[in-house]
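Here are some short notes on the structure. Please read them with the model open.

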Amino acid sequence: MTKQGRPETKRIQLRIRGVVQGVGFRPFIYNLARHFDLTGWVLNDGDGVGVEIEGQKTAEFLLSLETKYPPLARIDDISINEIPLLHDADFTILASESNQVSTSIPPDSNVCPDCLAELFDSGSRYYRYPFLNCTHCGPRYTITQKLPYDRPNTSMASFQMCADCKSEYSDPTNRRFHAQPTACPVCGPKLSLAINKILQRIRAGEILAIKGLGGFHLLCDATNETAVQILRQRKNREEKPFAVMVANLASAVKFVRIDDSSATLLQSPKRPIVLLPRQNTESLAASIAPGLQWLGLLLPYTPIHYLLFHEAAGRPDGTDWLQQPQPLSLVMTSANPGGEPLVIDNDEAKQRLESIADTIVDHNRNILIRCDDTVMRVMNNQPSFIRRARSYVPQAIKLPHEIPPTLAVGAYLKNTICITRGDEAFVSQHIGDMDNAATLRFFEESIEHLLSTLAVTPERVAHDLHPDFHSSRYAKSLDIPSYAIQHHHAHLAAVAAEHHITEPAIGLALDGFGLGEENQAWGGELMLIEGPNYQRLGHLSTIKQAGGDVAAREPWRMAAAFLYKSGRADEIATRFKAQPVAKNIVQLFEKNINVPETSSCGRLFDTACGLLNIKPKASFEGQAPMLLEGMVTQTDVMQDGWQIIDGQLDFTPLLTRLINCDPIHGANLFHGTLIQALCEWSAAAAKSHKINTVLLNGGCFLNHVLASGVIQGLHTHGLKPYLPQQTPPNDGGISLGQAWIAGLSHKST
Ligand SMILES: [Zn+2]
Ligand SMILES: [Zn+2]
């Protein structure tokens, strides 16, 4: 305050970092400055947003800045300096400076409420326009080539704005002020088929391929069993579950049970597919998720999706219908034929989807980088990932502290890559299983795209210990120090990194397969994690995996191995008479041909499934254990069901009991005993190392009963358990752990 009691005029220089470009930050700053009668300027540059404000109400401005910033923005850091007065005439938005780039592109977002109101307002010039968006919503990451985030650097560059769009774009009071992807029916992208025609074809039972935000979807009427079966046949996808899109929460509650956390997640602007316990799905096609207790649901997120529900509702005016139950439900699945990456290009769609879809609907706004739908579920009241992609990429995960710029290339299945910059880690979208040439190309594209949008030159590269993975070979071909990281160590380090656990911790990795030391197959590991190092404290007792990798899809083989080991080889052929190989499998064990030992927890689950005769031959990875989990009615414990010998946790008594057990009782007993044993095993290790933190990770933690049981059990032992929250527990999270370990390491491998 001055002597007269009037606030002093000040000039403040601000530097704002975080997700601040492409989210309406400059218009927000502009309007705020005008509101408080401040002069100065704002600009986007390679470091985020720079602002100078001058006037009497700079303090009020700063308070509003920190509390009222736009919904898609994320502020990581603001620096504030007072500088000499410059007496500018007004407040202006300056042109972007693009010399140096080190900020981030925001993720894609669903249509905002204001845009929805226009979409269904017959008086609006955006009425029923499938590509409307504004600074608070719309495509971002998937249409952006590089920073700074300005129209010429996006796939909207080729669309010339009409006079109306230009005037909205240049009006600081408009919601579309500097909305880079803004477009209207006059000047913007166009859909290749009218919405009413699309709906007619859906209702006629056709399979459609429709271009979305991060790629093409295949869709059909979710109530039409024939259509869903045709989709399965053509996509060559026997039983793996499909997700269903419904209009809103009121429509979802018909099919599934939804707690408050799941409802929030389902309706969040990120619009993930959310796995929910099904309750009454008779009106949906039976083959959507055969035999499973969980159904993946998602709500509309692009204007095209909304328009389909609007059309089905009879084109009501206004938005009231958006809250009411709607009968239309759609099977939505990624258009990724043959397990190859998602189709994003129009010509590519014609070639690759012709044999699957009856109709292909595209548009002329190019997708620059593919991004599948994100899949999540609520675990212990916390949202957790199953597949992390659209709307979450490229959101940074904060590391405990800065590490050298590192590239981590993931493993083999469900691959992702990770790039670090300072104390931030950027995990890519789901890339997929690295078993085909197209996915390998997508892997390299994703590395290039992320490196260029983040402007990072990596100094280290981390890869899996397995030397034959394409990702490992790629890493070693780069001309920078490389670090081979053991698979389960990486799983556990990923949890430590995101939860900022830097002190020694006990880790329990329960997984399918990862290469261990001395060429062993690991997957049920108890570790001590200390900085970049680990010590293997114990593991599940090993079991023979008859036929190698094939056993992961054929639980009966694991059961056969257990019977053989128990001296009951003579029962194998009769028990599994439906399996032609069953007659001869004993020879494999006797002659030790292709029967590698594994300590995998995934294979332990398969053994139980095989013994209980649940899906002896699975049609996709994890199917049998998912069915087993679905049978659990309560968890029962067989008190002497396990033994711990020299750090090895052995379940022979439990498995022996399962040989003659009915499936439901067996499922209850298996889960309950496993949980109790794992908790006692890790608690003993924690006690002897005087540690109370337990890191939990690995694909088996996708099992809801197991994960919540272990969390609860460890709490009763007075321990602090941690599950991953920012990456999935399966191999999609490996790259984060690899990067963190390599960043901490002193010596390359
Ligand atoms: Zn909007
Ligand atoms: Zn226009």
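1. Start with K544. Its contacts (heavy atoms within 4.5 Å) are M558, A561, F589, N592, V595, P596 and E597, leaving out residues up to four places away in sequence. With the side chain of E597, the side chain of K544 makes a polar contact at 3.2 Å. A polar contact is a pair of N or O atoms within 3.5 Å; within protein, one must be able to donate a hydrogen and the other to accept it, and residues adjacent in sequence count only if both atoms are side-chain atoms. K544 and A561 are 17 residues apart in sequence, yet 5.9 Å apart from C-alpha to C-alpha.

2. Before going on, note the basis. This is a predicted model, where local features need pLDDT of at least 70 and side-chain atom pairs count only at pLDDT 80 or more, while totals for chains, interfaces and linings use all residues. Residues are numbered from 1 along each chain as its sequence is written, chains are lettered from A and ligands numbered from 1 in the order in which they are written, and side-chain values use heavy atoms, without hydrogens and water.

3. K544 sits in strand β24 (residues 543–544). Strands (E, at least two residues) and helices (H or I, at least four) are DSSP runs, numbered from the N terminus. K544 is partly exposed, at 21% relative accessible area. The classes are buried under 20%, exposed over 50% and partly exposed in between (1.4 Å probe, protein chains only).

4. Now the metal. The zinc ion (ligand 2) is coordinated by the SG atoms of C162, C165, C184 and C187, at 2.2 to 2.3 Å. Donors are N, O and S atoms within 2.8 Å of the metal (3.2 Å for Na, K and Ca); water is not among the atoms, so sites may look incomplete. Why is the arrangement tetrahedral? The four donor atoms subtend angles of 104 to 117 degrees, and four donors count as tetrahedral if all angles lie between 85 and 135 degrees.

5. The zinc donor residues are spaced C-x2-C-x18-C-x2-C. C162, in the loop between α3 (113–119) and α4 (163–170), and C184, in the loop between α4 and α5 (195–203), are 22 residues apart and link distant parts of the chain. C162 is buried at 14%, and C184 is buried at 0%.

6. Look next at the loop between β14 (382–387) and β15 (397–398), which holds S391. S391 is buried, at 1%. A polar atom of its side chain lies 3.2 Å from the backbone oxygen of D108. P394 is in that loop too, and the peptide bond from V393 to P394 is cis, with omega near 10 degrees.

Note on methods. Four donors count as tetrahedral if all angles lie between 85 and 135 degrees; four count as square planar and six as octahedral if opposite donors are over 155 degrees apart and all others between 65 and 115; anything else is irregular.
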